[in-house]
Amino acid sequence: MNKYKLGTREMVAILLITIGTKFTDATPNLLFPKTYMATWMVPLFAAGMIAIPLAIFLHLLNKYELGLVDLVKKLSGKFVGTVFSSFIFIFYLVGTAFLMSDYVFILSTLYFPQTPDYVILVVLAVVCFGIASGGPYMIGRTAWIVLPYVMIALALLLILAMVEEMDTAYLFPIFGKGLDVVVKESFLKNSIYVETITMATFIPFMTKVKQYSKAAIIGLSILAIEMSFFFMFYVTIFDAYSLEDMLLPFQHLTRVVELGRFISNFEGYFLVFWLIASIVKYTVYLFVTAHLFTQTFNVKSTRFHLIPITTLMVLIGMYPDNLISSSFLYRNTVLHIGSFFFFILPFLLWILSLRKKASASP
Amino acid sequence: MKKIMFIIPLSIFILTGCWDKHEIEEQAFVVVIGLDDSEKEDGVSVTYQIANPQVGIPNTGGEKEVASEIITFTAPDFITARDLANATVARKVNFAHTKAMVIGEDFIRTEKAKKFLTSGIRDREIRRDIQVVVSKEKAADFIKNNNPNLETRPHKFYDLMTGRWAETGLVPLSDLQRYFQRIESKNDAYLAIYATTEKSDDDKYGNEDDYLPGQIDQKGSSRTQLIGSALLKDGVMIGTLTGEETRSALNLRSKSIAKYMRVTYKDPFNKKYRVAALLTKPRSNKIEILTQEVTPKVNVTIPLSFKILAIPSGENYVTNLENQELLRRHVEDTLKKKYNELVKITQEEYKINPFNWSRVARKNFLTMQEYEEYDWDDKYTNADVNIKVEVKFTGFGKQLGPPKVDEKDEGK
């Protein structure tokens with residue numbers, strides 16, 4: 001039976017793809033106008049900040065050997081647990097829908113200007129649904145298969161970008177708008193790593209809970225460096241002053257690179273890998289959302305609930321009128337709420353578990 | 001489920017034909033965009049040079065067609081102008097392969113030009129690697145008159161010409177990306193390629209690089225000259241640099257940019273002749289800016305390698321080490337003088353530096369607030385600039401001593 005369960009590497013792949021695509025969307029645009037050239041510090045600080053609650057959370061996971069929802073329910077009681085986990089469910093439902101419409105706007109702005117937005121959204125949702133209905137093992141394997149190609153494409157992009165004129169002097173003044181701003185933004189945006197906690201939803205489909213902790217730690221350390229590295233690249237190539245107004249620096253980076261004098265304008269090749277990674281990402285989110293729902297409300301068959309959840313996401317995703325409202329208003333708010341909630345949740349659970357222990361011992 | 005798995009791959013084939021399908025046959029690729037002022041307050045005069053991809057290819061029927069079509073009209077901006085262009089061009093106007101943007105000098109000297117130029121970047125087809133060329137005459141005239149004989153296709157000309165910056169340093173690297181960087185950071189001057197197709201009246205006989213476009217006394221059928229640069233402060237042109245000054249400006253920048261500059265220097269022994277050499281910058285400059293005091297101090301050390309190409313005077317600068325040292329000193333002094341003159345012009349006349357020194361000054365500050373308060377651009381005008389040139393001989397070509405010239409013919 002263990003044959004069709006997820007291991008450490010699948011989990012690392014899922015984390016690397018879901019979080020590792022964040023520097024390619026509008027997330028940098030939420031950060032650069034605030035922290036400028038010091039933005040590269042934000043992923044590192046944020047990772048350091050989330051490391052503490054994550055450590056507590058992993059400790060609890062290993063102790064009780066339960067998935068996210070079951071753990072919350074066990075420690076905080078049935079009623080409060082349901083409230084908490086339905087909050088996580090709604091957070092995921094709304095967050096994913098807005099993120100999806102974010103990506104639709106990116107695609108329609110840069111690559112498919114004449115295609116109606118809802119068509120891109122529906123095609124994206126249908127493809128993700130197709131993979132998600134294959135179940136958790138299929139998702140994990142897809143992520144693992146796709147990961148090397150995405151990584152190679154990213155590495156190639158970095159190597160080609162290095163040929164362009166880069167100037168490390170752009171990284172100065174080193175603290176941008178000040179260290180206090182960097183720390184504050186790092187805290188507010190620490191939910192960029194929230195997947196390291198929420199992907200514990202996959203635990204029922206894993207062979208061992210220990211493997212999840214291992215994957216979360218490996219994933220977080222790789223991601224912090226990867227993201228910081230990319231932000232540094234954006235700054236050294238474009239200068240932080242330009243990045244303040246430049247939408248989607250990753251897409252700009254793919255347009256800047258050239259392969260010799262004759263091969264230029266090949267952003268389309270990077271688009272393929274970016275799209276594949278995005279599709280895997282949404283598949284994961286879709287499945288997690290559906291699974292959160294079934295676990296929270298104790299209903300069976302996650303697969304059966306994929307259809308209504310997908311439909312709901314498409315409907316919510318159609319709500320924002322443009323990238324500015326989807327990304328800057330809604331997603332920013334969702335990110336901030338998530339940062340506070342997921343930062344506090346592990347501490348809360350920990351206190352509850354200590355109380356439980358205390359009340360159980362006499 | 002199986003049905004769905006079948007429908008998804010199938011939809012790939014069906015959906016591609018729906019909306020964003022592009023047939024190359026139906027596209028008109030604009031190679032150059034020209035911008036001039038128009039009489040209308042809220043409009044610009046836009047010129048498109050549209051390439052004909054069929055020309056010159058055998059057996060396509062396009063062998064004898066013209067290489068490009070040039071159209072000029074007044075429009076609210078150069079992006080929406082593409083629909084207006086369809087009044088005469090049957091194909092869909094596409095900017096994806098635009099190589100250069102030519103702007104008339106009269107226009108770029110106004111704030112209006114900056115607004116039109118910066119507003120265009122929003123369009124997805126306008127790429128940041130488009131080269132900015134400032135033409136002495138109207139951009140429309142420049143594009144019309146530019147008729148290179150060696151290049152059949154117009155894009156190739158701009159591609160090759162603007163690519164020469166890396167080798168000769170006579171024109172700067174001036175793409176839209178850098179134009180935006182300078183405007184947005186509000187620091188440093190931007191240098192744009194300066195060009196003309198009209199012969200200037202004040203023909204002069206300068207040395208190898210001391211020209212503005214139009215001044216080179218050349219004879220031939222192509223009248224286009226790209227040399228020197230237009231100096232833009234905050235996106236608006238305020239002055240010009242000759243080819244020589246452009247080279248000096250590039251050398252004063254921190255990064256090593258131009259690879260091969262062929263230059264000549266007055267022969268220290270024989271004032272009638274000049275020593276020809278190939279100048280390269282092997283390493284980045286060492287630039288130090290001290291911002292603690294009221295007047296900032298700038299210390300620049302420029303490492304240069306020097307390869308002798310020709311010694312017309314016949315003096316022995318190769319095996320005679322004393323002469324070699326003398327020439328080295330002489331070159332260092334000449335260069336130092338030139339660099340100092342340029343710095344002085346930029347400080348007094350233009351009041352802004354085209355050497356990207358703000359990037360060095362930035363390093364002295366911890367936060368942007370401190371840096372902005374310091375106001376580097378303002379401080380630069382009184383900065384105490386100290387230039388040191390370090391010339392190293394690295395080659396003498398494939399000849400040792402000079403050929404034996406009869407002493408009688410050579411009056412010393």
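**Exercise 1. Is Ile225(A) buried or exposed, and in which helix is Ile225(A) found?**

Step 1. Ile225(A) has a relative accessible area of 56%. Step 2. Compare this with the cut-offs: buried means under 20% relative accessible area, exposed over 50%, and partly exposed in between, with a 1.4 Å probe and protein chains only. Step 3. Ile225(A) is therefore exposed, because its relative accessible area is 56%. Step 4. Its place is helix H10 (residues 209-238) of chain A; helices (H or I, at least four residues) and strands (E, at least two) are DSSP runs, numbered from the N terminus.

Before going on, note that this is a predicted model, in which local features need pLDDT of at least 70 and side-chain atom pairs count only at pLDDT 80 or more, while totals for chains, interfaces and linings use all residues. Residues are numbered from 1 along each chain as its sequence is written, chains are lettered from A and ligands numbered from 1 in the order in which they are written, and side-chain values use heavy atoms, with hydrogens and water left out.

**Exercise 2. Which residues form a nonpolar patch on the surface with about 390 Å² of accessible area together?**

Step 1. Recall the rule: patches are made of residues with over 30% relative accessible area and no salt bridge, with like charges joined within 9 Å and nonpolar side chains (Val, Leu, Ile, Met, Phe, Trp, Tyr) within 5 Å. A salt bridge is a side-chain nitrogen of Lys or Arg within 4 Å of a carboxyl oxygen of Asp or Glu. Step 2. The members are Leu44(A), Phe45(A), Leu179(A), Val183(A) and Ile225(A). Their area comes from the Shrake-Rupley method with a 1.4 Å probe; for residues, only the protein chains shown count as cover. Step 3. Helix H3 (41-64) and helix H8 (179-188) of chain A each supply at least two residues of the patch.

**Exercise 3. Find Lys22(A): where does Lys22(A) lie, and what does Lys22(A) touch?**

Step 1. Look in the loop between helix H1 (8-20) and helix H2 (27-35) of chain A. Step 2. Lys22(A) counts as buried because its relative accessible area is 5%. Step 3. A contact means heavy atoms within 4.5 Å. Leaving out residues up to four places away in sequence, Lys22(A) touches Thr27(A), Pro28(A), Ser191(A), Ile192(A), Glu195(A), Met227(A), Lys281(A) and Tyr285(A). Step 4.

**Exercise 4. Why is helix H4 (residues 68-76) of chain A largely enclosed by the rest of the structure?**

Step 1. Seven of the nine residues of H4(A) are buried, so the helix is largely enclosed. Step 2. These buried residues are Leu68(A), Val69(A), Leu71(A), Val72(A), Lys73(A), Leu75(A) and Ser76(A). Step 3. They pack against H3, helix H5 (78-110), helix H9 (195-198), helix H13 (267-296) and helix H15 (323-360) of chain A. Step 4. After H4(A) comes Gly77(A), with a positive phi near 85 degrees.

**Exercise 5. How do the rings of Trp357(B) and Tyr380(B) pair?**

Step 1. Over all chains, the structure holds 42 aromatic pairs. Step 2. For Trp357(B) and Tyr380(B), the centres are 6.2 Å apart and the planes make 70 degrees, an edge-to-face pair. The rule is that rings of Phe, Tyr and Trp (its six-membered ring) pair if their centres lie within 6.5 Å; planes under 30 degrees apart count as stacked, over 60 as edge-to-face and the rest as tilted. Step 3. The pair links distant parts of the chain, 23 residues apart: Trp357(B) is in the loop between helix H10 (321-350) and helix H11 (358-362) of chain B, and Tyr380(B) is in helix H13 (residues 376-380) of chain B. Step 4. Both Trp357(B) and Tyr380(B) are buried.

**Exercise 6. Which values of phi do Lys351(B) and Asn356(B) have?**

Step 1. Most residues other than glycine have a negative phi. Step 2. Phi of Lys351(B) is positive, near 55 degrees, and phi of Asn356(B) is positive too, near 60 degrees. Step 3. Step 4. Lys351(B) is partly exposed, at 45% relative accessible area, whereas Asn356(B) is buried, at 9%.
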